[in-house]
Amino acid sequence: MLVQIIQNEWRIAWRERQLSVLWIIIGGLLLFATFSGWQNFQRIHHERAEAAQLMRQKWENQGDQNPHSSAHYGTYVYKPVSILHFLDPGIDKFAGVSLRLEGHVQHGLAFAAASEQSSLSRFGDLHTGLILQVLVPLLLIFVAFNSFQRERSSGALRLMLAQGTAPRSLLWGKILAVWSMALALLLLVLVLSGVLALSQPQLSQGTDVWLRLLGLTTLYALYYFLISAMAVQLAAAIRQPALSLLSLLSIWVLSTVILPKVVAASAEQQKPLLGVMQFNEQMHEEREKGLNGHDPEDARSKRFERKILAKYGVDDPSKLPINYDGLLMQEDEYYGNAVWDKHFGLLNRDLRQQAQYTAWSSFVNPFQALRNLSLSLANADLYQHLHFQKAAEMYRRTLIRTLNEKMAYGGSKTGDWDWTVPEAWFSELEDFNYQAPAMAWSLQQRTLELVAIAAWALLLILLLWMPWWKAERLL
Amino acid sequence: MIVAHNLSKNYGEHHALNNLNLNIAPGEIFCLLGQNGAGKTTTINCFLGFTAPSAGKAEINGIDVASDPQGSKRHLAYLPEVVMLYPKLSGLENLDYFSRLAGFRYSKNQLQEFLLKAGLPGDSINRYVGTYSKGMRQKVGIAIATAKQAKALFLDEPTSGLDPKASNDFSILLKTLAQEGVAILMATHDIFRAKDVATRVGIMREGQLVATHAATEFSATELEKIYLETV
Amino acid sequence: MITTILQYELKQLLRKRVGWALFLFILLGGGYAIAYGWLNYQHYRTQIDEVQQKQAETYAELAPKYDTLTQLGDQAPERLNSFGDPIMADWWYRRYSTWLPGSLSALAVGQRDQQTPYHRIQLYRNVNLPELEEINNPEQLLAGNFDLSFVLVYLLPLLVIVLGFNALSQDREEGILSLLKVQGLTPKQLLFTRVGLQFGLLWGLSILICSIGFGVVAADWAHWPAWVLGCGAWLILWAGLVAWVNTWGRSSAFNATVLAGFWIVLLILLPALTNFWVDRTYPVLPRSEFMATARDISSQEWDRPVAAILADFQKTRPDLYAKLPQPLRDTQAIKVFMYNENSMAKVEQLGAPLMRTGSQRLGLENRLKYLNPAYAFNAILTTSAGTELSNFIDWQNATKETLKQNRELVTQIGLAGKTFKKAEFERLPTFKAPPLKAQVGGNLLCLGVLAGLLWLLVWWSAQRNAAEV
């Protein structure tokens with residue numbers, strides 16, 4: 001019986017000119033967006049890969065150099081773009097892409113593309129994620145809103161129920177029919193994405209990309225089930241088609257356009273972030289005056305000097321067999337790292353709290369769960385951004401420590417600032433090789449959203465089993 | 001007052017109305033009988049200017065409806081099968097609104113008069129129409145028609161769905177209007193009601209007026225027999 | 001007749017719960033947006049104020065030192081020597097150019113939240129290479145701001161749709177239209193009066209909300225007419241769409257579907273497509289090559305022999321070269337200034353395309369606005385609030401100008417071998433904000449032309465479907 005209902009719904013939808021045209025337009029847009037998204041991904045990927053390569057070349061060709069000069073010269077690292085950027089670019093254009101790494105000081109990720117765009121960019125970009133998140137649900141609403149009205153006004157519903165069709169079967173049939181229309185579009189994207197990803201085997205190797213693609217497909221399929229179940233049940237409950245459409249459209253606008261902004265705005269108000277000047281000022285101050293405010297840099301240096309002199313049993317740094325400057329700089333690095341850990345820890349805590357705030361709203365608005373999970377599965381969310389930032393900082397620490405230790409123990413003496421190390425030594429230092437987190441890690445950060453979307457699915461299924469779905473309610 | 005000259009309406013090959021000739025004088029009630037799709041509503045729509053005739057002419061008080069639709073509307077009133085009004089306005093407000101649109105401005109008392117005369121209970125005059133029954137809405141519709149002081153009145157299945165008492169009240173009201181000189185064209189399925197109120201009865205079939213009789217010529221049963229033989 | 005329709009339409013609207021719900025929705029939405037914008041602006045303002053306060057404190061701290069240097073001359077204590085050095089004086093006096101759009105930016109955040117609103121004014125600084133990058137939550141940026149401009153651009157059209165999608169169809173579906181027609185009312189009169197009334201109410205409502213917003217944030221009322229006219233033009237456009245769809249004579253559900261489609265097209269698809277077009281035509285240039293090359297230019301220039309730097313300096317800045325005290329005695333002492341001028345000239349040349357891209361993008365967006373009226377309306381709000389990219393570019397250019405003035409002063413004093421005293425210290429330039437350039441006329445014209453064309457279409461469609469309308 002279900003199969004017949006689904007077939008019939010497909011036939012009707014296909015014969016309704018507006019719906020079939022809309023379906024074809026959205027399908028076309030999906031193909032176009034996926035393909036152009038792929039081109040865009042390739043452009044950005046190459047841009048960043050080339051930039052990273054250029055910086056590495058410069059690092060390797062810096063000539064014979066004093067390690068400390070090299071630490072000041074520093075290098076830049078680039079946030080690699082995830083291959084699934086072509087499906088959901090997420091925060092990429094709003095987040096910095098390059099990070100300057102040098103001694104003494106930590107920088108923030110810089111040069112977000114959106115900062116060079118006008119407010120036109122805030123209207124949104126045409127990408128597959130936008131169509132899948134915003135337009136496909138709308139198509140489902142248009143298909144579903146009068147799915148009972150047609151049969152009600154023509155009297156076919158009365159006939160169908162008289163033929164012995166159970167009201168719940170009718171609901172399920174219509175839900176599955178609407179859902180299958182979305183799944184067809186999703187399949188289109190999945191196949192094209194798979195082909196595109198396979199065309200770049202070096203980027204899609206490993207199971208993680210494929211797991212993420214599968215995860216994204218499952219996520220969207222689940223969300224479309226929510227929309228289908230909600231739309232069909234509302235269409236069954238509301239008799240006037242215009243009212244049912246208006247209700248569904250209101251829910252769509254509220255969940256897709258209004259609530260995400262309201263929640264983001266409230267999250268920002270709950271945990272306002274410091275301005276970069278204040279933030280740097282605080283770090284600078286603690287580095288100078290000490291983490292507790294009573295341990296100035298001079299005192300720390302003197303203490304450290306005494307400790308080293310005692311260790312080597314000499315009374316002056318110039319008598320040390322090693323280069324004291326290297327040790328002192330590294331000691332200062334350690335202190336700077338502790339300051340960074342404290343302040344970035346606080347900042348990350350605030351950012352995570354903002355993210356948690358929006359995550360909780362998924363229980364009210366399943367669209368939020370979809371958006372956050374989509375960002376997460378595409379490896380283009382805040383957590384991945386912070387993951388990269390941390391990885392880059394860890395690399396910086398290792399690099400600067402290596403340079404400082406070379407300065408200290410490489411054969412130079414205290415005050416020997418002109419001492420140089422051959423270029424080959426620098427090129428032997430390991431390059432930054434960022435390993436993006438695996439899908440399990442990404443999903444772990446989004447447990448709330450996962451629970452919320454599952455709860456929504458359960459709720460809508462539960463509503464279908466409610467005793468109120470009787471023949472008289474549908475008629 | 002209500003005149004049709006060779007009035008025709010075609011939808012492609014289908015003749016919804018075929019060469020209709022009709023002349024309804026002031027004070028006359030002309031009832032159109034016929035099966036569904038016989039052309040009764042199309043006839044009324046041509047007089048109301050809702051449908052442009054394919055050939056022929058529909059005139060109200062000597063005004064050609066097709067060439068002066070707005071002018072002709074000044075002289076006619078209409079009561080559809082189901083009178084739908086604004087649910088968030090009271091019966092009185094609906095009457096005031098529709099009358100003012102037609103260019104008549106009445107005092108509150110006059111409006112109440114019209115509604116009471118149409119048979120609307122006094123206590124419901126100021127209630128929202130959304131709470132009215134079909135019969136009550138029909139009465140407001142009659143009040144709207146009478147308040148327009150039209151010389152021609154068109155009624156499309158006006159008693160359908162009304163209870164016998166309401167139908168009877170309605171018949172009395174129609175006769176009163178006719179006595180006041182209004183020409184009335186009523187499309188109906190109700191042979192007995194037609195016999196009761198009509199001056200003349202016309203029977204339509206496939207867009208043609210196939211028979212016209214004075215209502216006094218037959219009893220209701222005879223009329224029914226003629227109707228069944230004709231359609 | 002029109003007065004009667006207006007009177008009764010208004011009466012019915014006031015009696016409908018949905019009307020009040022919508023009114024409350026927009027009022028609450030607007031209120032929340034204003035409150036959010038105001039808090040957001042306060043937070044932003046506090047940060048800028050702190051920067052400006054720090055600059056004032058630095059000035060207050062340094063001024064007495066320069067008084068002493070001026071009064072005592074060579075007798076000044078040795079610890080003040082570094083303050084006399086031009087490069088050090090420039091370094092000690094930490095000045096910033098700050099991007100501070102007015103309080104109206106609370107109502108139209110625009111691109112303000114994406115920019116770093118301060119830039120250090122110092123000899124070596126380049127506007128293309130900001131020292132600081134503002135801290136943001138990129139997911140919040142992606143979600144966007146719930147400010148008043150969002151309410152006006154996105155939500156106002158929804159109200160027009162909800163109120164007007166069945167402006168004619170409902171009467172037809174409910175069977176009232178035939179009765180109305182018999183009374184001598186034409187559907188065209190009913191439709192236009194009804195849409196006109198809804199437009200009037202919504203425009204009144206938007207004027208009210210804008211006025212509350214302007215009052216609450218104490219904005220410059222000179223921009224109020226632009227906002228009010230912008231809302232009017234935007235609403236006329238949407239009222240036109242609503243009227244047009246109603247002239248087709250289709251069902252209310254069909255009208256609602258089509259109008260929802262228009263909303264998607266005008267507020268999501270067209271902006272996304274124009275964005276796509278702009279991005280492909282003028283992609284945001286990657287800065288990596290610029291950064292790397294700028295750094296190399298700088299270090300290579302520094303490593304060159306002084307004579308070579310001097311020779312280049314003669315070509316780069318013949319005006320300054322001519323003023324050099326002859327014969328040149330200590331070229332090493334002035335090397336830093338010459339090196340800086342040479343490398344700055346090269347870096348600026350290198351950075352020119354970066355500066356140009358923003359303007360090119362804006363130019364194209366401006367040309368495409370006739371395809372994208374939502375952008376035109378948004379631009380009225382953001383440019384008058386001073387939060388559009390164009391305003392930011394104006395600020396960048398003004399910053400660049402201040403940087404140039406600063407460099408000229410420090411370099412001239414340095415090349416002349418002079419030291420900084422109070423007079424020189426006072427001459428160190430501080431940033432002056434550029435005048436606000438609101439782009440109202442062109443965008444209003446765009447909305448007006450589009451609305452005019454649309455209403456012609458409405459008139460034509462109403463004539464064509466006269467039987468239905």
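Let me start with the interface: 20 residues of chain B are in contact with 18 residues of chain C, contact being C-beta atoms, placed from the backbone, within 7 Å. This is a predicted model, in which local features need pLDDT of at least 70, side-chain atom pairs count only at pLDDT 80 or more, and totals for chains, interfaces and linings use all residues. Residues are numbered from 1 along each chain as its sequence is written, with chains lettered from A and ligands numbered from 1 in the order in which they are written.

On the side of chain B that touches chain C, at least two residues each come from α2 (69-73), β6 (76-79) and α3 (91-101) of chain B. The helices and strands are DSSP runs, numbered from the N terminus: H or I, at least four residues, for helices, and E, at least two, for strands. α3(B) gives the most to that side, four residues. By class, the side of chain B has 15 nonpolar residues, one polar and four charged. Nonpolar here covers Ala, Val, Leu, Ile, Met, Phe, Trp, Tyr, Cys and Pro; charged covers Asp, Glu, Lys and Arg; the others, Gly among them, are polar.

Staying with chain B, strands β1 (residues 2-11) and β2 (residues 14-24) pair in the antiparallel sense over seven bridges; pairing requires at least two bridges found by DSSP. L7(B) has L20(B) in β2(B) as its bridge partner. The two strands form a hairpin with two residues between them, and G12(B) in the turn has a positive phi of about 65°.

Now chain A. How do α4 and α7 of chain A cross? The axes of α4 (residues 128-144) and α7 (residues 167-198) come within 9 Å and cross at roughly 155°. Axes are lines fitted to C-alpha atoms, for helices over the stretch in contact, with angles from 0 to 180 degrees between N-to-C directions. α4(A) and α7(A) are therefore roughly antiparallel to each other, the label for angles over 145 degrees. T128(A), L132(A), V136(A), L140(A), V143(A) and A144(A) of α4(A) meet V178(A), M181(A), A182(A), L185(A) and V189(A) of α7(A). That contact has ten nonpolar residues, one polar and no charged.

Last, chain C. Axes of α11 (residues 252-281) and α15 (residues 331-367) come within 10 Å, crossing at roughly 145°. The contact involves T274(C), V278(C) and T281(C) from α11(C), with R361(C), L364(C) and E365(C) from α15(C). Those residues divide into two nonpolar, two polar and two charged. Just after α9(C), A218(C) takes a positive phi of about 55°.

Methods. Contact = placed C-beta atoms within 7 Å. Parallel < 35°, antiparallel > 145°, perpendicular 65-115°, else oblique.
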